[in-house]
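Subject: Structure handover and findings

Dear colleague,

Please find the structure below, together with its sequence. The notes that follow set out what was found in it, and I would be grateful if you could read them beside the model.

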Amino acid sequence: MSNNHVSGSDSETESDDTISCLVASRFEAKAKKKDGILSKSDGGDVRSKRIGNKKKKLLSIEEANEVAQQHKVIENVDKDVLVELATKYQRCMKKRPIPIGRFSNAIAINWEGMAETLERLYGQQLHYLTHMMCKGWDKSRFGSEDEGKPLDAIIDWSDAEDTIWHIEEVHRLLTSPTHLAMLWINDPEHRAYVDEVVLSS
């Protein structure tokens, strides 16, 4: 009986392996749920389904390694640098006045689309937290009876726009830079919302 156990003292490698395994198991669970339980009653070739699942498992491991690498990069970010960046960002956002005029004939498919449209119409970026809020609101519609309807077919544009601007004002005036920095530690894409604001000030 051969012993394949490899002991190592490199905690970073063990951490990456653990993350990879966790993410891989999540992808595998989703794949199994999507395919259903394999049995003879499925009416298909069980062997071919197993091969298909094996391919999915290989893809999942590759994706797991990519996620693990991202996690490693995020962990290495200097928190003090993020707080400094968040302070600059929040200072810039706080100076920007909330637009007074409103557009009545614009179209919005979803909340994220509306946020992007408002940025184009008024020529100023919305707050990072407003974008995250819009993403969350769009996700909350999944599975609802009106999921396929455009947003402006459910809520009047002016009411939806007023809602976003009121929340935008709260985010601009009251958000703590420390809170933002803690969120950015877990969001490698935060610079897409931040750089333009900080560099243009």
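A residue is called buried under 20% relative accessible area, exposed over 50%, and partly exposed in between, with a 1.4 Å probe and protein chains only. By that rule Arg 191 is partly exposed, because its relative accessible area is 41%.

The model is predicted, so local features need pLDDT of at least 70 and side-chain atom pairs count only at pLDDT 80 or more, while totals for chains, interfaces and linings use all residues. Residues are numbered from 1 along each chain as its sequence is written, and side-chain values use heavy atoms, with hydrogens and water left out.

Overall composition

The chain has eight helices and zero strands, where helices (H or I, at least four residues) and strands (E, at least two) are DSSP runs numbered from the N terminus. In sequence order the pattern is α-α-α-α-α-α-α-α. Of the 201 residues in the chain, 29% are buried. A contact means heavy atoms within 4.5 Å. Among contacts with a separation of 6 or more, 83% are between residues 24 or more positions apart. The chain exposes about 13700 Å², and carbon and sulfur atoms supply 54% of that area; accessible areas come from the Shrake-Rupley method with a 1.4 Å probe, and for residues only the protein chains shown count as cover.

Helix H3

The expected span of a helix is 1.5 Å times one less than its number of residues. Helix H3 (residues 79–95) has 17 residues and should therefore span 24 Å, which agrees with the 25 Å between its end C-alpha atoms. Its buried residues are Leu 82, Leu 85, Ala 86, Tyr 89, Gln 90, Cys 92 and Met 93. They lie on the same side of H3, because they cover an arc of only 160° around the axis; the arc is that of the directions from the helix axis to the C-beta atoms. The face of H3 turned away from this buried side carries the exposed residues Asp 80, Lys 94 and Lys 95. The cover over the buried residues of H3 includes helix H5 (128–140), helix H6 (157–174), helix H7 (177–185) and helix H8 (191–199).

Helix H6

H6 has 18 residues and reaches 26 Å from its first C-alpha to its last, close to the expected 26 Å. The buried residues of H6 are Trp 157, Ala 160, Glu 161, Ile 164, Trp 165, Glu 168, His 171 and Arg 172. These cover an arc of only 130° around the axis, which puts them on the same side of H6. On the other side of H6, His 166 and Leu 174 are exposed. H3, helix H4 (111–122) and H5 are among the elements that cover the buried residues of H6.

Aromatic pairs

Rings of Phe, Tyr and Trp (its six-membered ring) pair if their centres lie within 6.5 Å; planes under 30 degrees apart count as stacked, over 60 as edge-to-face and the rest as tilted. The whole structure holds five aromatic pairs. One of them joins Tyr 89 and Trp 184: the ring centres are 5.7 Å apart and the planes stand at 75°, so the pair is edge-to-face. Because Tyr 89 lies in helix H3 and Trp 184 in helix H7, this pair ties together parts that are 95 residues apart in sequence. Both Tyr 89 and Trp 184 are buried. Tyr 128 and Trp 184 also form an edge-to-face pair, because their ring centres are 5.9 Å apart and their planes are at 90°. That pair links Tyr 128 in helix H5 to Trp 184 in helix H7, 56 residues apart. The relative accessibility of Tyr 128 is 3%, so Tyr 128 counts as buried. Ring pairs join Tyr 89, Tyr 128, Trp 184 and Tyr 193 into a cluster.

Salt bridges

A salt bridge is a side-chain nitrogen of Lys or Arg within 4 Å of a carboxyl oxygen of Asp or Glu. Four were found in the whole structure, including the following.

- Glu 168 with Arg 172: the closest N and O atoms are 2.5 Å apart. Both residues lie in helix H6, four residues apart, about one turn of the helix, and both are buried.
- Arg 191 with Asp 195: the closest N and O atoms are 2.6 Å apart. Both lie in helix H8, four residues apart, about one turn of the helix. Asp 195 is partly exposed, with a relative accessible area of 26%.
- Asp 146 with Lys 149: the N to O distance is 3.5 Å. Asp 146 is partly exposed at 25% relative accessibility, and Lys 149 is partly exposed at 44%.

With kind regards
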